[in-house]
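Colleague: Please take a close look at a single part of this model, the interface. I am new to the structure and would welcome one connected account.

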Amino acid sequence: MSALASTTVSLFRSARQSAHARRLVACLLGLIVLAVMTGPSGSNTAPVSGFTGSLFHPRVLVFIAIGLGLWGLITAQHRWGEALKRTNDNLMTLPRRMMPDRRVRLVLYAALLAVAILVPLHVNAFWQDVLVDQIGIYVLLAIGLNVVVGYAGLLDLGYIAFYAIGAYSTAFWTGALPVHPPMVLNAFWAIPFAIGTAMLSGVLIGAPTLRLRGDYLAIVTLGFGEIIQIVATNLQGVTGGSQGVIGIPHPDVNLLGIHYSWLIDPLPYYYLLLVFVVAALIAYSFLEHSRVGRAWTAIREDEVAAQSAGINVLKYKIMAFAIGASTSGFAGMLEASKISFIEPGDFTVQLSILILVLVIFGGMGSLLGAVVGAAFLQWFPWYLKEHPMFGFQDQDLYIYLGAILVLTMIFRPEGLIPSRRRKREFGLAEHGLGTADAMSGTTDPVP
Amino acid sequence: MTTAPEAAPTTVAGDIIVAIKDLSLSFGGVRALVDVTLKQARGELLSVIGPNGAGKTCLFNCLTGVYHPQQGSITFYGPHDKATQIVGRKPHLVNRLGIARTFQTSRLFNALTAFENVKIGVESRMHTGPVGAMLRLPRTRREERESDARSDELLEFVGLRARGNELASALPYGDRRRLEIARALGTNPQLLLLDEPAAGTNPAEKSDLGTLIRRVKNELGVTVLLIEHDMGLVMSLAERIIVLNFGRVIAFGTPAEVQHDPAVIEAYLGAPTDDDTYVPVEPDANGDD
């Protein structure tokens, strides 16, 4: 007995001295806890049977093996972390380095576009719906939020509010709300109104709140998102309240001899969305490499220096906010007229967070990242639904997303496909130069 | 010790670019600036010196709209003698008037290249808006070309043309200083405020910097207001010197006059000295304010 005690004591001592041993103990303890948690539960008659049943059972060996494996991974990460990181970076930047040539890049984009055009033709109706409602719309939302968060470095946690504003203004102009518009338009002609209203509300919300720095802005936008949802629920006479709005018409064009109606088939919506996504991608990539985009980068990096270089910081922040809001507004319009039904429950804070997750996962400030990140993260749960693995259940979705996000933040904080500028910022921050967390924008006010 | 420039005017001639009158700034109980009054002539290279914490950078921050002094006025005379009040104006609007600055510890956009840093300064005078940028309208493209050319010119001027594509963060210290000057010049200033440009540079870089500042004044015709601790540089460049201590102007005049001013000697050394050669005190580079 005393031998056991002294072994334990010396084990603890060596564990406290060696980082390796410390990690080993942590891994094993963690996995044993997990074994107990996932094992059989105890009962009134045998209170400790939960412990004994899970610890003195062959299955504990599996957990110990996983614990050892985890320890091995962590040790490898410590020993070869730098090399791993370099390999990882090399792999991730491979596409960029392989196509420095503009023509090669254009060919790649054309190929991606061709895939985007052809894929929906070869999937069933269920997946066509998913492509529009779950993937396309969120890709567009991510592209829009990318301008706000990625380019201008403003943490907007109420982004979905503008989506709601787009949706409700579409409902208003098509005459589906209890209050009636001066003239009833069809959903297609409501597009400019939806975009305009969302943009205007972006400016109105932005002008007073964008004076705030970092964290405060996040709180205010979070509140704004809630307010919009609560107003939509409670202002029954105007918005239809919690029952929502039904009968929003589908878009339809009748112009210059072209006549086309969008009905319930998802494909036409998909292509309309695709046109706008491609247009937004081209426009925003021009924007990124223009005077405006450079001004945003300057503001993100050092507000004081940007001001003294003659940049009107507030104006550019509002600009980013308004552009993001209008993108979101268009997405809201499209979704409202496709589903022809909206309710306040469609615009929860979780959705704002989800879109932020898509942008961060893809790589803040990177358009390709926003598209790929959003498409992957939105496709993945539906894929799991069709091909359940690990006992996936719908309500577990956020656990998986959370895990993916945590892993991304640890191993690839700059995102899946980082923008070149953002990547440099992260690199500089690692060397103690500046703050990579430009998102919080907490530049000290005094030079 | 370098000799003072020839025939430096003790009094300011008619053409004034900036006039500060009775400027007072305090933070709580700390009086950072007390009744500071000074005038700078157009084209004059004026230097502000003083021990650490004397209020030099505070003065710059008031001049660029970053701080809002409680009392006094700062009047800037633009071209055609149009007088504008600086106090209460936002920093970017002050910059737009024609006052540009550099910072004590350089504040470059580190994730951008040297070229892009300068271009941001140059572009602040252009007009491309979001719509023009998104559609790449002809005007946008023209402005891009113009600002590219101007940025190249400025990089050439400060001697960084060859390093334009390097990241600002990758440049050596002296080059970072020059790049900051180029960025400030990009905004087309009439008055350039340099906050300790030589801090942390080696002797060779220091003398290059002196040459550059002289060229800014002579070739570009920009008026320079210089804060500097390096007395050798100040004495060789400045036409007139203002000495601040504890937020007050304690002396001003030509370098020769200031060097022998008992109040200045006392502020720097704590006791009068009859030694004819001025012993420059070299306080640590980034301890001001």
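Modeller: The rule finds three salt bridges across the interface of chain A and chain B, a salt bridge being a side-chain nitrogen of Lys or Arg within 4 Å of a carboxyl oxygen of Asp or Glu. This is a predicted model, in which local features need pLDDT of at least 70 and side-chain atom pairs count only at pLDDT 80 or more, while totals for chains, interfaces and linings use all residues. Residues are numbered from 1 along each chain as its sequence is written, chains are lettered from A and ligands numbered from 1 in the order in which they are written, and side-chain values use heavy atoms, with hydrogens and water left out.

One of these bridges pairs Arg107(B) with Asp302(A), whose closest N and O atoms are 2.8 Å apart. In another salt bridge, Arg294(A) meets Glu123(B) at 2.4 Å, N to O. Arg294(A) belongs to helix H12 of chain A and Glu123(B) to helix H3 (residues 114-123) of chain B, so this pair joins two chains. Helices (H or I, at least four residues) and strands (E, at least two) are DSSP runs, numbered from the N terminus. Over all chains, a search of the whole structure finds 22 salt bridges.

The contact (heavy atoms within 4.5 Å) takes 34 residues from chain A and 35 residues from chain B. The size of an interface is often given as the accessible area lost when the parts come together. Here, chain A and chain B bury about 3,100 Å² between them, 61% of it on carbon and sulfur atoms; buried area is the accessible area (1.4 Å probe) that two parts lose on being put together, summed over both.

Across this interface there are also 12 residue pairs in polar contact, both residues at pLDDT 80 or more. A polar contact is a pair of N or O atoms within 3.5 Å; within protein, one must be able to donate a hydrogen and the other to accept it, and residues adjacent in sequence count only if both atoms are side-chain atoms.

On the side of chain A that touches chain B, at least two residues each come from helices H11 (266-288), H12 (291-301), H13 (303-308), H14 (313-339) and H18 (420-430) of chain A. H12(A) gives the largest share of that side, six residues. By class, the residues of the side of chain A that touches chain B are 18 nonpolar, eight polar and eight charged. Ala, Val, Leu, Ile, Met, Phe, Trp, Tyr, Cys and Pro count as nonpolar, Asp, Glu, Lys and Arg as charged, and the others, Gly among them, as polar.
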